[in-house]
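Okay everyone, thanks for coming.

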Amino acid sequence: MADYSSIFETFACLHVAFLVYVLAIILCGAIPATLGYSFGLRSLYVKCLLKIFEYGRMRMASKIMINENGLIKKDNVSPPKSPLPRNRSFGSLQRNFDMADALDFLKSGFETIIDDEVTKRFSAQDLASWNLLTRTNQNYHFISARLSVIRVLGFFLRYFVLFPARITLLLIGLGFMFYSSTFILSQFPKTRTRVRIDEICSLVSFRILIRSIFGVVTFHNRENMAKGGGTCVANHTSPIDALILANDRCYSLVGQIQPGLFGMVERALARTQDPIWFERSAIKDRQVVTRRLREHVEDLSKNPILIFPEGTCINNTSVMMFKKGSFETGGVIYPVAIKYDRTFGDAFWNSSQESIVQYLLSLMTSWALVCDVWYLPPMNRMEDESSVNFANRVKREIARQGGLVDLIWDGQLKRTRVKPEMRQKNQEDYAQRLKLE
């Protein structure tokens with residue numbers, strides 16, 4: 001009997017400890033998130049991390065020299081011109097051509113292949129200094145005993161203290177979303193009162209979810225926030241982008257139909273909100289989506305549309321081509337620039353190399369998710385301005401505000417080959433430089 005009583009007491013103590021743990025998470029995380037209040041602990045936590053990282057940077061700088069300039073130091077010059085003299089006949093060209101004439105072109109080509117401006121946008125951005133998360137360089141295997149101790153302590157903090165708390169908040173946020181949308185609100189007729197309650201429940205859910213990834217978001221120029229009947233467009237780094245923006249106001253989301261956990265979230269939102277989900281490969285779906293977008297922006301009582309015109313995730317160093325369909329529906333465009341700080345964790349999701357579960361695991365075991373969001377002044381399509389030019393103008397403003405590189409390339413190059421007409425254009429440009437007058 002004594003053995004059973006001791007076992008029972010042990011389980012009772014564990015049960016009480018677990019209840020206290022969950023209650024602390026609810027009181028310190030879920031309830032403040034519900035009220036939109038912050039105790040300032042996350043900001044203090046981030047400031048402490050910055051001091052630790054700076055200490056680590058100084059220790060490493062005193063031990064080793066790290067090349068932060070990439071693989072190749074490229075000259076900032078225009079593409080090479082043909083070294084061949086002008087006004088030569090084909091016969092004289094055959095007599096005077098030398099193999100060295102092609103070296104400049106070969107050098108330019110090798111540089112582009114090794115360090116081109118497109119494919120490196122689909123991989124994680126390099127850090128200027130180590131953030132104690134990973135050791136990607138053999139020189140980091142042992143720098144100093146102090147740094148090693150700090151890294152081990154950080155590992156236990158992230159995996160055994162923060163990670164369980166974040167998982168708990170994630171389950172609370174998802175549970176609240178599913179329960180409120182599926183079992184409660186969807187049972188009532190869609191009146192103005194229910195729509196307002198829908199918005200409140202959605203904000204509460206997303207605010208709890210943003211706490212689950214320890215998000216520290218700074219919003220700028222809230223007076224430019226999207227209004228009903230408009231379209232909010234933003235650069236795209238991660239599925240978390242929608243969570244970041246929905247933490248500040250309700251949107252009607254637009255996106256591809258997803259399986260798994262994302263699919264469950266999409267179905268939950270569809271029961272109470274006005275999202276537009278589509279199948280990217282179906283041409284009929286594209287036509288239906290375009291029609292629904294136009295109808296949506298004409299109704300000022302509905303939430304603004306939130307869409308990411310790049311169509312895929314980019315690593316937060318640049319903004320790639322915006323699809324023109326988002327700018328053909330009419331209405332006001334509300335640009336938003338999102339810039340993540342990779343010092344505390346990488347928000348970029350490389351969907352071609354890791355699953356959503358792997359991505360969420362790496363995100364929730366990082367230090368934090370720190371980002372800035374800028375609401376830019378609303379923009380309208382000018383007379384005689386094509387949808388392509390309008391999209392480029394909006395993209396240029398987002399890149400300027402976010403400190404991102406403005407690129408003309410299609411983000412779908414992550415999954416598809418370069419279009420033949422694009423290759424042909426570059427071949428023509430190359431031939432033009434060699435062409436004899």
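**A walk through the sheet**

Let's start at one pair: Gly215 stands opposite Leu369 in strand E8. Before going on, a word on what you're looking at: this is a predicted model, where local features need pLDDT of at least 70, side-chain atom pairs count only at pLDDT 80 or more, and totals for chains, interfaces and linings use all residues. Residues are numbered from 1 along each chain as its sequence is written, and side-chain values use heavy atoms, with hydrogens and water left out.

Overall, the chain has 12 helices and 9 strands; those are DSSP runs numbered from the N terminus, with helices being H or I of at least four residues and strands E of at least two. Of its 437 residues, 41% count as buried, and buried here means under 20% relative accessible area, with a 1.4 Å probe and protein chains only.

Now, back to the sheet. What is the order of its 7 strands? Reading across, we get E1-E8-E7-E2-E5-E3-E4, an open sheet with mixed pairing. Strands count as paired if DSSP finds at least two bridges between them. E1 and E4 (276–278) are the edge strands, each with a single partner, so one side of each has no neighbour in the sheet. From one strand to the next, the twist averages 20 degrees.

Look at E8, residues 369–375: 6 of its 7 residues are buried. On one side, E1 (residues 215–220) runs parallel to E8, joined by 6 bridges. E7 pairs with E8 as well, antiparallel this time, over 6 bridges. Within that pairing, Val336 has Tyr375 as its bridge partner, and Tyr340 has Cys371.

Over at the other end, E3 (residues 252–256) has 4 of its 5 residues buried, so the rest of the structure largely encloses it. E3 is parallel to E5 (residues 305–307), with 2 bridges, and Leu253 sits opposite Leu306 there. E3 also pairs in parallel with E4, over 3 bridges; Gly255 faces Trp277 in that one.

Lying across E2 (231–234), E7 and E8 is helix H11, residues 387–402, at about 35 degrees to E7. That angle is taken between N-to-C directions, on a scale from 0 to 180 degrees, using lines fitted to C-alpha atoms, for helices over the stretch in contact.

So what's packed inside? The largest nonpolar core has 43 residues, and Ile240, Ile244, Tyr251 and Val373 touch the most other members. By nonpolar core I mean buried Ala, Val, Leu, Ile, Met, Phe, Trp, Tyr and Cys residues joined through side-chain atoms within 4.5 Å. Helix H7, residues 240–246, gives the most to this core, with 6 residues. Leaving out residues up to four places away in sequence, Ile244 touches several others, including Phe219, Tyr340, Cys371 and Val373. There's also a second, separate core of 23 residues, which includes Phe278, Val297, Met379 and Val394.

Last, confidence. The average pLDDT, the predictor's confidence in each residue from 0 to 100, is 77 for the chain, and 77% of the residues score at least 70.

Key: Buried < 20%, exposed > 50% of the residue type's maximum accessible area, 1.4 Å probe, protein only. Contact = heavy atoms within 4.5 Å.
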